[in-house]
Amino acid sequence: MTSMLITGANRGLGLDFVRRLAPEGWRIHACCRNPAKATDLQASADTHDVTIHALDVADFAQIDALKKTLGKEPIDVLFNNAGIMETIQRTLSLDHTNQMFDTLDEDEWMEVIRVNTMAPMRMCEIFVDNVAASERKQMLMMSSIVGSIGSNQTGRWYHYATSKTALNMVMRSLAADLKDRGITVMSLHPGWTQTDMGGPSAALTIDESVGGMVEVVKNLTPADSGRFIAWNGEDVPW
Amino acid sequence: MNTLAPFKMIEAFHDHLRRSDLKTVTNVSSIMGSIEDTSGDHVPYRSTKAALNMVTKALSGDLASDNIIVFSIHPGWVRTDMGGPSAAVSPEDSAAGIKKAIENANANASGKFFNWTGETLPW
């Protein structure tokens, strides 16, 4: 039996991973901020081996509490999927005026970095023994091409972009630090997808994005550790 | 300190840069912020320097219309309080290399990541 611990599992990409993998017999610990509102996720939990946990990744004490709940249970795939564009919920657009030059909002920026960069690091630190005790030994980061320095030609989205760049560095550092324990660490780029964040005019359906990423994840080997791979299997530049 | 503060400095002094001759911003980054070259540990320092390099690249696009040049530079492993006494490079040599990079900077240098000795470094 393969197991996954995934954050941000109540909607969008995270929910679709659960919907695809649970029917295949995966044991899934699905985390979200508010389980009472996660009715779509609950539907998977009613019929499959899916356990829902309340977790706001920005609150590191909650991560510690989840560790106590899971104890020493092996986790094959730790998936740091939860992420935010900003602290309010808005669809991705080109006019995020609070993330453009001449509009620094340091509290907002630090919160995005806390959720998108520091929380994945904390999750990996807290659950490293669970992952090391598993068969697959994989840690995944939901990154974005917006965090690719080499691909950035336009500025804007400074909070989100820098948080994902820093996340890729966390990933690369962990890949080096955890190599001796046989743990594979990598970043994913989901494509611009029709989620709440991506908006309805995005290029990819959730089905196309997650369908591609599931294949990437299932085919990962230790040789892939430290890579940044898009939904279609292509490497993304740093 | 390493990421937001440089961004804030550039925002705050944007108009001064625009009215200057060289119109150049130098962000002192580090090879430890190179995602390509990373070897693990020192994760907070590494990730904040990688994020600073993203600030450099993104600002080079945003400020191109003002002809402002923005680049990151790795100062070398320098015998400073941070680098320690056994570091490879003297502060004088490092500063001279950075000064040269600033003097030679042109539009092609904007959005790049240089070593103190002049060559381009990978993100």
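Okay, a definition to start: two strands count as paired if DSSP finds at least two bridges between them, and helices (H or I, at least four residues) and strands (E, at least two) are DSSP runs, numbered from the N terminus. This is a predicted model, where local features need pLDDT of at least 70, side-chain atom pairs count only at pLDDT 80 or more, and totals for chains, interfaces and linings use all residues. Residues are numbered from 1 along each chain as its sequence is written, with chains lettered from A and ligands numbered from 1 in the order in which they are written.

So, chain A. There's an open sheet of seven strands, ordered β3-β2-β1-β4-β5-β6-β7, with parallel pairing. At the edges sit β3 (50-54) and β7 (228-230) of chain A, each pairing on one side only. Further in, β1 (residues 3-6) and β4 (residues 77-80) of chain A pair in the parallel sense over three bridges, and Ile6(A) stands opposite Phe79(A) in β4(A).

Now the interface. Chain A and chain B each put 26 residues into the contact, where contact means C-beta atoms, placed from the backbone, within 7 Å. On the chain A side, α4 (106-132) and α5 (158-177) are the elements giving two or more residues, and α5(A) has the largest share, 12 residues.

Last stop, chain B. Helix α3(B), residues 43-62, has 16 of its 20 residues buried, so it is largely enclosed by the rest of the structure. Buried here means 20 or more other C-beta atoms within 10 Å of the residue's own, exposed means 12 or fewer, and partly exposed is in between, with C-beta atoms placed from the backbone.

Methods
Contact = placed C-beta atoms within 7 Å. Expected span 1.5 Å × (residues − 1).
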